[in-house]
Amino acid sequence: MDAWVSVGRDIDRVVGKFHSSQLHTSRVCEDLSAELSRLEAELDSNPDAEISTTQRLMLSQTVAKVKDTIQKIATEHRELHSSVSKVGKAIDRNFIADYAGATSEAALSGPDKERLLNQVICQHFFRQGMLDIGEELAKEAGLNMQLDRKEPFLELNQIIEALKHKNLEPALEWARRHREKLQEKASRLEFKLHKLKFLEILNSGAGSQLAAVKYARENFPPFAQQHEKEIQVLMGAMLYPLGSEKSQGPYGWLSDSTLWGEIGELFTKDACALLGLSVNSHLSVVVNAGCRALPALLNIKQVMQQRLVTGVWASREELPIEIDLGKECRYHSLFACPILRQQTSDSNPPMRLTCGHCISRDALHKLSNGNKLKCPYCPMEQNPSDARRIFF
Ligand SMILES: [Zn+2]
């Protein structure tokens with residue numbers, strides 16, 4: 001943060017200098033051009049006469065002035081250069097350019113990992129709707145991307161694109177087709193789409209109420225129970241002429257454009273959930289997580305280098321410190337053994353004792369005495385071989 005502030009200050013200074021120099025230059029140029037016009041008028045006033053001594057003097061003085069001014073402007077401009085290069089130096093000083101220390105080359109080398117990386121990038125392109133780029137990459141990288149990996153994205157992207165242009169039809173058709181599954185997930189998507197369609201009809205101008213009522217009668221019944229209150233509000237909205245922008249009464253918020261923004265997000269979320277896809281592409285999740293973790297990783301690397309313990313990191317797959325990436329980056333439940341105070345792993349999994357308490361397998365072995373184990377919590381005596389592994 002300090003780095004941002006410090007570089008930001010330098011940039012502000014340069015921008016300020018640019019502005020003042022621009023102002024000054026244009027003022028000087030205007031003055032100069034006014035003077036030249038005056039001189040021109042003076043010379044034009046009597047075109048047939050020979051140039052007088054005074055005029056000659058004026059001419060040479062003006063030329064000298066023009067030369068002088070141009071030189072001054074050039075010097076000023078040169079000074080700007082040094083200010084700009086100072087910003088570059090400030091960036092170098094405040095930010096770390098070498099990230100090599102925080103990466104592990106082995107993580108992405110080898111044909112298998114390369115293929116996985118290409119696959120993830122390819123999927124990202126498909127997700128973004130850049131099908132041709134994804135296909136080209138798949139071809140050049142020799143990937144065998146199945147069509148079923150592409151098709152859901154193709155349809156979703158078309159629908160989202162249509163929603164961006166306020167075209168509800170493709171989304172409504174999709175929601176209708178997946179109604180049962182959406183309802184299983186208690187999704188509000190289809191109703192929200194109908195709600196927008198209803199408002200669109202109502203907003204289409206005076207006398208649109210009848211068409212809106214007809215739409216509501218045809219489409220709202222399946223949602224009447226779950227969304228009773230909202231439907232009541234929508235019916236109330238019909239009393240106010242929504243078509244005119246000024247008099248929307250207490251229902252003005254219904255024509256808010258945020259409703260359109262929300263529907264795109266809701267569609268992406270629910271459609272991805274339904275198709276068993278993550279909302280964000282794997283690539284963007286990994287890149288975002290990496291960006292967030294980078295400052296902490298660089299710090300710890302520096303500390304390790306100073307204390308000459310660099311080998312610790314390279315020899316283990318785990319990071320030497322815990323980095324919190326926020327709630328949205330938590331995908332798996334974690335269990336830390338209360339005895340060893342360590343996160344459980346495949347080599348040391350969590351075990352459930354017969355009394356119901358849970359500790360790690362290493363702790364279980366440490367606490368066992370032959371075929372006897374006293375639970376450290378309750379403390380029930382039991383046979384350690386009765387403990388069962390837990391899978392989260
Ligand atoms: Zn117990």
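Modeller: Leu367 is partly exposed, at 34% relative accessibility. That class lies between buried (under 20% relative accessible area) and exposed (over 50%), with a 1.4 Å probe and protein chains only. This is a predicted model: local features need pLDDT of at least 70, side-chain atom pairs count only at pLDDT 80 or more, and totals for chains, interfaces and linings use all residues. Residues are numbered from 1 along each chain as its sequence is written, and side-chain values use heavy atoms, without hydrogens or water.

Leu367 sits in helix α14 (residues 361-367). Helices here are DSSP runs of H or I with at least four residues; strands are E runs of at least two; both are numbered from the N terminus. With Ile339 and Tyr377, Leu367 makes a nonpolar surface patch of about 250 Å². Patch members have over 30% relative accessible area and no salt bridge; nonpolar side chains (Val, Leu, Ile, Met, Phe, Trp, Tyr) are joined within 5 Å, like charges within 9 Å. Areas follow the Shrake-Rupley method with a 1.4 Å probe, and for residues only the protein chains shown count as cover.

Now the metal. Cys355 (SG), His357 (ND1), Cys375 (SG) and Cys378 (SG) coordinate the zinc ion at 2.0 to 2.3 Å. Donors are N, O and S atoms within 2.8 Å of the metal (3.2 Å for Na, K and Ca); water is not among the atoms, so sites may look incomplete. The donor spacing in sequence is C-x1-H-x17-C-x2-C. Cys355, in the loop between β3 (350-352) and β4 (358-360), and Cys378, in the loop between β5 (373-374) and β6 (381-382), link distant parts of the chain, 23 residues apart. Cys355 is partly exposed at 25%; Cys378 is too, at 36%.

Elsewhere, the structure holds 15 salt bridges. Each is a side-chain nitrogen of Lys or Arg within 4 Å of a carboxyl oxygen of Asp or Glu. One of them joins Arg177 and Glu155, 2.6 Å from N to O. Arg177 lies in helix α6 (residues 169-177) and Glu155 in helix α5 (residues 147-164), so the pair ties together parts 22 residues apart in sequence.

Glu190 pairs with Arg179, their closest N and O atoms 2.7 Å apart. Glu190 is in helix α8 (residues 189-202) and Arg179 in helix α7 (residues 179-184). Glu190 is buried at 3%, whereas Arg179 is partly exposed at 27%.
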